[in-house]
Amino acid sequence: MEGRVSIEINDGIAEVTLIRGDKMNALDKRMFEALIEAGERLKKEPGVRVVVLSGEGRAFCAGLDMSMFSPENAMDLIPRTHGIANIFQQVAWVWRELPMPVIAAVQGTAFGGGFQIMLGADMRYAHPDTNFSIMEIKWGLVPDMAGTQLWTNLVREDVLRELTYTGRVFKAPEALEHGFVTRLVEDPKAEAMAMAREIAGKNPEAIRANKRIFNAMRNPDEAEGLMLESVEQQAIIGGPNQMEAVMANFEKRAPNFKDPE
């Protein structure tokens, strides 16, 4: 986790912080590995009752680092390397799998993969000026980091379709209105820590049982949904239209896509 994620545990609360603030906590390969390692450690860490997930600096997480578009980082998305998920999905899904509640403290930017990681938390406290986006379409891709399974019961389908088809940036008040965000606060980390302390003072057996019940209320076909994300992305990534989306963004021009046959 060195150089990407820190964990500090005090009084039953684990503070997990993305510490790549100079890069807006963008997701490179090491960040993916570090976040999953942190989550897997906390599954077994004794005495942890609540997790607070945050990013240092001016962003929660700006999404994929551009290095992830390089050929050496290309991966087969279909194999399930982490239970029902692949590595890219597990970076968000692992917070849902934790037995204790997770509270995300969000500021600045939560784009693409960062947006989906945020949704893995049980609750999300955001600064009113935070910017959000389901940004994958900008790069000619589909959301494939477990978002489709994490936001299903949060927001109306037509809203999801609009935001996913356009990739437009939207502010925290709209995110609250749609259900992506639990609460808008001036100091998300302080509010998350205050809530964590309150929850940590409750019966931990009951809190964990509550999380299991809430998780069980969700889509029973989560494994199928995660696989569908991977199958669709695998068919798109690296293709002519997806590469054209990337190049058009880099070259600051309108893309020239070819229609499917």
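In which strand does Glu15 lie? The residue sits in β2, which covers residues 13-18; helices (H or I, at least four residues) and strands (E, at least two) are DSSP runs, numbered from the N terminus. The model is a predicted one, so local features need pLDDT of at least 70 and side-chain atom pairs count only at pLDDT 80 or more, while totals for chains, interfaces and linings use all residues. Residues are numbered from 1 along each chain as its sequence is written, and side-chain values use heavy atoms, with hydrogens and water left out.

Overall, the protein has 10 helices and 9 strands. Its radius of gyration, taken over C-alpha atoms, is 18 Å, close to the 18 Å from the globule rule (2.2 Å times the number of residues to the power 0.38) for 261 residues, so the protein is as compact as a globular protein of that length. Of those 261 residues, 51% count as buried, where buried means under 20% relative accessible area, exposed over 50%, and partly exposed in between (1.4 Å probe, protein chains only). With contact meaning heavy atoms within 4.5 Å, residues 24 or more positions apart make up 74% of the contacts with a separation of 6 or more.

Back to Glu15: this residue is buried, at a relative accessible area of 19%. Its side chain makes a polar contact of 3.1 Å with that of Lys189; such a contact is a pair of N or O atoms within 3.5 Å, and within protein one must be able to donate a hydrogen and the other to accept it, with residues adjacent in sequence counting only if both atoms are side-chain atoms. Leaving out neighbours within four places in sequence, the contacts of Glu15 include Val52 and Met193.

Met66, in the loop between β3 (50-55) and α2 (87-97), is partly exposed at 36% relative accessible area. Not counting residues up to four places away in sequence, Met66 touches Trp139 and Phe250. As for α2, 10 of its 11 residues are buried, so the helix is largely enclosed by the rest of the structure; among them are Trp93 and Trp95. Asn86 caps the N-terminal end of α2, with a side-chain oxygen 3.0 Å from the backbone nitrogen of Phe88.

Then there is an open, mixed sheet of 3 strands, ordered β5-β7-β8; two strands pair if DSSP finds at least two bridges between them. The edges are β5 (109-111) and β8 (170-171), each pairing on one side only. β7 (residues 131-133) pairs with β8 in the antiparallel sense over 2 bridges, and Phe132 stands opposite Phe170 in β8.
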